[in-house]
Amino acid sequence: MLRALQTVALSLLGLLVAVGHVVALMAMLWGLVFVVPWAVRAGRWVAMRRRQLAGIPLPYQPIPPEPEPDEDGLYRYGDRLYKKPIGWSRLEWMIEDRATWRDLLFLALDPLGLVVFPLHARWSRFLLRPPRLSTPAGVNRRLDPFARCMAYFGLSLLSPLGVLLYVVSPRLGRQLVRLRRFLAGKWSDAPIARPYVGPVWRDRATWRDLAFLAVDGVAGTLLVVVPCAVMIYASWGLLVPFPFQLATSEDWGNGWYGQFAGSTWLAVVMVPVLMWLTFRISPACAGWNARWARVLLSPMRRAQLTLRVAELTSSRAAVTDVQAAELRRIERDLHDGAQAQLMSMGVDLGAVERLIDSDPAAAKTLLAKVRDTSARALVELRQLVRGIHPPVLAERGLGDAVRALALDLGVAFEVSVPRRLDPPVESAAYFAVSEALGQAVTPVSVSVVLSGDVLAMTVRDSGRGSSFPGISRRLGAFDGTVSVSFGAGRTVRMTLSAG
């Protein structure tokens, strides 16, 4: 009897917690993310007690480790740095665990099992058993497009005020437009270049910004209003008023609140349908809004040429600086290494010349020392030549040069370069990979893949830093890019135009 009472109490408590889950998830859609962990922990507490009563093992994924700061004392999440650790990793761990969603389904349906109490144990074991799949549930992937639509919706509503802000303070107005340009480029994986090339009111980009802000309040809003409106209606128009509709038995707003087509229970069915529809159309709507921003906020042809000239001038200066630094390094290595050893050999040979008649044994000892010195000088000269331009790179190409480098370091490699590239491109790519591996902390793997005219290079290690100015300058002359991401370790991705 005590066990049955515990089961009934936990079932009723679980129903209340399930309602709290729904409210927390809707609050998360509106930015109140901090309430979600509370609801999930409460649901897990109820579900764990039920599992203990039924003798079911806990199915939850292991807790992720605490974040560690980088060498600057900052904490990285995604592509942003924070002064203090944040709870995103714990929140993702909870949301992406499939057992969390099985708990929610169990808490919502468990009171129905009390109707047929003899079958309640089988019901509980079926819903509380560990999920068959251990992969992430993919919730964030589905929520991200809707969150982007909500962000675009809010920013589009602010666009008319941006026109006034632009007139009062062009600098602040451009900051607002830069935010739209940045978000549209980041979320569509196609960055939009900065188009400004002249004085504010003489620059055509300024007038394009003003035209965008003037029209975006209507055009941008219409592009994302459907998923936002459907979610608002499903959550605040149907789901939230549902319990009040049942409690009062009143017709709220002529069937608008808590009812669908005049039916209270049909509203419960339509809520998941409308939410599913929202998540289905959100990626397309977010993409349309990003393309709309790209139409007016991208640089015009004239601005592109001006920016390209400035970029080439900067990259040429950077390449000149790199070459000058390389020449200084070669001069320093020759002076401190091979040159010093050759001078020592000359002194020793002079001593041999003086001793060869009077003390042949000492002369032989000095000759052996000269032979060792010459061998060391030869090794240093070979290393220096390899640093200037490795022979394997000149003779066999980039693919074999990277393979040789990976084998020397003992790291896993994937190389697919089916043809020879121009020597400057091969040299820049090889030394970029070499520098990334040289700065790596416990290198793990290197990958160099040529796809069409784009050469993609990836170096993975266990480091945390994200600054590679030498690689950026080296690849900038060939329209190359460098990006750093963090997961189990550090991943340095480099691209290079091989055409």
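Which helix does tryptophan 45 lie in? Tryptophan 45 lies in helix α2, residues 36-54; helices here are DSSP runs of H or I with at least four residues, numbered from the N terminus.

Before I go on, this is a predicted model: local features need pLDDT of at least 70, side-chain atom pairs count only at pLDDT 80 or more, and totals for chains, interfaces and linings use all residues. Residues are numbered from 1 along each chain as its sequence is written, and side-chain values use heavy atoms, with hydrogens and water left out.

Tryptophan 45 has a relative accessible area of 39%, so it is partly exposed. Partly exposed falls between buried, under 20% relative accessible area, and exposed, over 50%, with a 1.4 Å probe and protein chains only.

Now the salt bridges, meaning a side-chain nitrogen of Lys or Arg within 4 Å of a carboxyl oxygen of Asp or Glu. The count comes to 10. In one of them, arginine 51 meets aspartate 103 at 2.8 Å, N to O. This pair links distant parts of the chain, with arginine 51 in helix α2 and aspartate 103 in helix α4, residues 98-113, 52 residues apart. Arginine 51 is buried at 1% relative accessibility, and aspartate 103 is buried at 2%.

Next, arginine 420 and glutamate 426. Their closest N and O atoms are 3.0 Å apart in a salt bridge. Is arginine 420 buried or partly exposed? Arginine 420 is partly exposed, because its relative accessibility is 43%. Glutamate 426, at 2%, is buried.

How values were computed
Helices (H or I, at least four residues) and strands (E, at least two) are DSSP runs, numbered from the N terminus.
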